[in-house]
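Please keep the sequence and the model in view while reading.

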Amino acid sequence: MNNASAPPASNDSFMFDAIIIGGGIAGLWTLDRLRSAGYNVALLTDRPLGEGQTLASQGMIHGGIKYTLSGALNQASETIADMPEYWRQCLQGTGDVDLTHTNCLSDHFYMWSNSTMGKLTGFFASRAVRGRVDKVPASERPALLQNSQFKGSLYRLVDRVLDVPSLLANLAANNQGYIFQLDQIAHRLHKDTANNAYLCLDNNGEPTTVRAKRWIFTAGKGNAELLSALDCQQPAMQLRPLQQLVVRHRHPYPFFGHCLGADKTPRLTISTHPTTSDDTVWYLGGSLAEKGANMSAAELIAAGKKELAELFPWLDFADADFSTLPIARAEPRQKDFARPDNAFAQPAANIANVLVGWPTKLTLAPNLANQILAQLPEPDAAIASNAALNHLAQRLPGPVIAPLPWEAKHD
C-alpha cells in the first residue's frame with residue numbers, strides 16, 4: 001500500500017493526457033480509440049499482451065441470442081445486439097478501429113438442441129429476432145452434424161468468432177510505439193497529497209516521475225491490485241470462476257456452436273482454434289465450464305467426455321487429449337453476484353485522476369472505450385506528446401503477444 005506523498009526529486013518528469021494499464025483487449029482497444037481522438041496516451045503492461053482473460057476467451061462476437069433461452073428478449077440480449085455489426089465494420093476497415101488484419105475463424109455460430117426446443121421454436125421464428133437467428137435446413141448442416149444420428153434442431157446466429165492472437169497482433173501493430181512493458185506496476189504507483197496518482201520509474205538510479213491527467217485501469221482482475229496500491233477499494237470487483245475444457249482430437253470438424261439444455265445458459269459451447277500441431281482443438285465452455293469451476297480437473301474431464309459421447313455418439317474421442325483451463329472472469333461487483341449486462345467504467349473512489357474499467361466480455365470492449373472517452377477531458381494541446389512518449393520508449397521495451405493458453409501448456 002503506497003501512502004500519499006510528494007513525488008521524489010527527479011531529473012525527469014513528464015505528463016500524458018492518459019496512461020492505460022492493462023494489455024488485454026480492453027486496454028488495447030481503448031488505446032486505439034484515444035489515439036484516434038487526439039490524446040497523448042501510452043499503455044503499460046507487466047506481462048505479454050492478452051495473457052489471462054483475453055486469450056482465455058472463445059473469441060465470440062455475439063449478439064445476445066444466447067441470453068434469450070427463456071424465450072424473451074432482455075436487457076442483456078439487447079445491450080449486446082448491435083455488436084456483431086459494429087465489429088463487422090471494423091473488420092472491413094470502415095469502423096472506429098481498423099481490424100482488417102484480424103482473422104475471422106467463423107462468420108456465424110450455430111445453436112442446436114438434441115431434443116424439442118418447445119416455445120423457443122416460435123420465439124426464434126418471431127419478428128423480434130429476425131435477422132439475428134435463422135433455422136438451418138438439413139441440406140445446409142455443417143459436416144459435424146451431417147449424420148443420421150443427429151435428430152435435433154439447428155439454428156444459425158449472426159455471431160462471429162475471431163482468432164484472438166491475430167486480433168491482439170492487429171491492435172498492437174495499429175499502436176506500435178505506444179505500448180510498453182514494465183514489471184511491478186502496482187508497486188510503482190503512488191498518490192500525491194492532492195490524491196492524484198502518479199508512477200515512479202528508476203532509470204539507472206535516477207528517479208523519473210510519470211504523470212497523467214487520467215490513469216485508466218483495464219487490467220482485468222489486476223485492477224484490484226492497482227487500486228489497493230493507491231489505498232482504494234472502489235469500484236469493487238467480483239470474479240466469476242470457470243474451468244474450461246480443451247479437447248485435442250483428430251476429427252476434421254471445425255465447429256462453433258451452443259448446445260441447448262434445460263438451463264437458461266447453453267449446456268455446452270464449442271469453439272475451434274488454430275494450433276501448432278495437426279490436431280483439431282475444441283475449446284468447451286457454457287454450463288459445463290461454470291459447473292466445472294467446482295470440480296477437480298479429473299472430474300471435469302470425465303464430465304466432458306460424457307457430454308461429448310451423448311451429443312456426438314458417432315464420434316470416437318478415445319484417443320483425444322483432454323486438459324482443463326481454470327480462469328476467473330473479472331467484473332464490477334454486482335448485487336447478488338449478478339452477471340453485468342454492459343461494460344463498466346467509473347472513477348476510482350477518492351483518487352482524483354483514475355478511471356477503472358471492465359468490459360465484462362470481449363464483445364463489449366468497444367462499449368468500454370466509448371464510456372471512457374465520454375469521461376475524459378479534452379486533449380491538452382499544451383502537452384508535448386512526442387517528448388513524453390520518447391522518454392518511455394528510451395526506458396521501456398515493448399511486450400510480445402502471449403501464446404494461447406492451451407498451446408503454452410501443450411509445449
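## Report on the predicted model

D231 is found in the loop between helix 7 and strand 13. Helices (H or I, at least four residues) and strands (E, at least two) are DSSP runs, numbered from the N terminus. The model is predicted, so local features need pLDDT of at least 70 and side-chain atom pairs count only at pLDDT 80 or more, while totals for chains, interfaces and linings use all residues. Residues are numbered from 1 along each chain as its sequence is written, and side-chain values use heavy atoms, with hydrogens and water left out.

### Loops and backbone

D231 has a positive phi of about 60 degrees although it is not a glycine. Its relative accessible area is 35%, and D231 is therefore partly exposed. Here buried means under 20% relative accessible area, exposed means over 50%, and partly exposed lies in between (1.4 Å probe, protein chains only). The loop between helix 7 (223-229) and strand 13 (237-249) also holds P235. The peptide bond from Q234 to P235 is cis, with omega near 5 degrees.

F337 lies in another place, the loop between strand 17 and strand 18 (344-347). F337, which is not a glycine, has a positive phi of about 60 degrees, and its relative accessibility of 38% makes it partly exposed. Most residues other than glycine have a negative phi, and most peptide bonds are trans.

### Overall composition

The protein has twelve helices and 19 strands. Of its 411 residues, 54% are buried. Contact means heavy atoms within 4.5 Å. Among contacts between residues at least 6 apart in sequence, 76% join residues at least 24 apart.

### Two packed helices

Two packed helices are described by the angle between their axes and the distance between the axes. Helix 1 (residues 25-36) packs with helix 5 (residues 164-174) at an angle of about 35 degrees, and their axes are 10 Å apart. Axes are lines fitted to C-alpha atoms, for helices over the stretch in contact, and angles run from 0 to 180 degrees between N-to-C directions. The contact is made by I25, L28, W29, D32 and R35 of helix 1 together with L167, L168, L171 and N174 of helix 5. These residues divide into six nonpolar, one polar and two charged. In this division, Ala, Val, Leu, Ile, Met, Phe, Trp, Tyr, Cys and Pro count as nonpolar, Asp, Glu, Lys and Arg as charged, and the others, Gly among them, as polar.

The buried residues of helix 5 are V164, S166, L167, L168, N170, L171 and A172. Their cover includes helix 1, helix 3 (83-91), strand 8 (160-162) and strand 9.

### Strands and sheet

Two strands pair if DSSP finds at least two bridges between them. An open sheet of eight strands has the order 6-7-5-14-15-16-13-17, with mixed pairing. Its edge strands, strand 6 (133-135) and strand 17 (321-332), each pair on one side only. Neighbouring strands of this sheet are turned by 25 degrees against each other on average, direction ignored. Strand 15 (residues 268-273) and strand 16 (residues 280-285) pair in the antiparallel sense over five bridges, and T269 stands opposite G285 in strand 16.

Strand 2 (residues 41-45) has five of its five residues buried, so it is largely enclosed by the rest of the structure. V41, L43 and T45 are buried on one side, and A42 and L44 on the other. In a regular strand the side chains alternate between the two faces of the sheet. Strand 2 runs parallel to strand 9 (residues 179-181), and three bridges join them; the bridge partner of T45 in strand 9 is Q181.

| Residue | Relative accessibility | Polar contact |
|---|---|---|
| E407 | 7% | R248, 2.7 Å |
| H273 | 8% | S271, 2.7 Å |

E407 is found in helix 12 (residues 405-410). Leaving aside its neighbours within four places in sequence, E407 is in contact with R248, P274, T275 and T276. H273 is found in strand 15, and with the neighbours within four places again left aside, H273 is in contact with Q58, L105, V281, Y283 and W406.

Note on methods: Polar contact = N/O pair within 3.5 Å; in protein donor to acceptor, adjacent residues only side chain to side chain.
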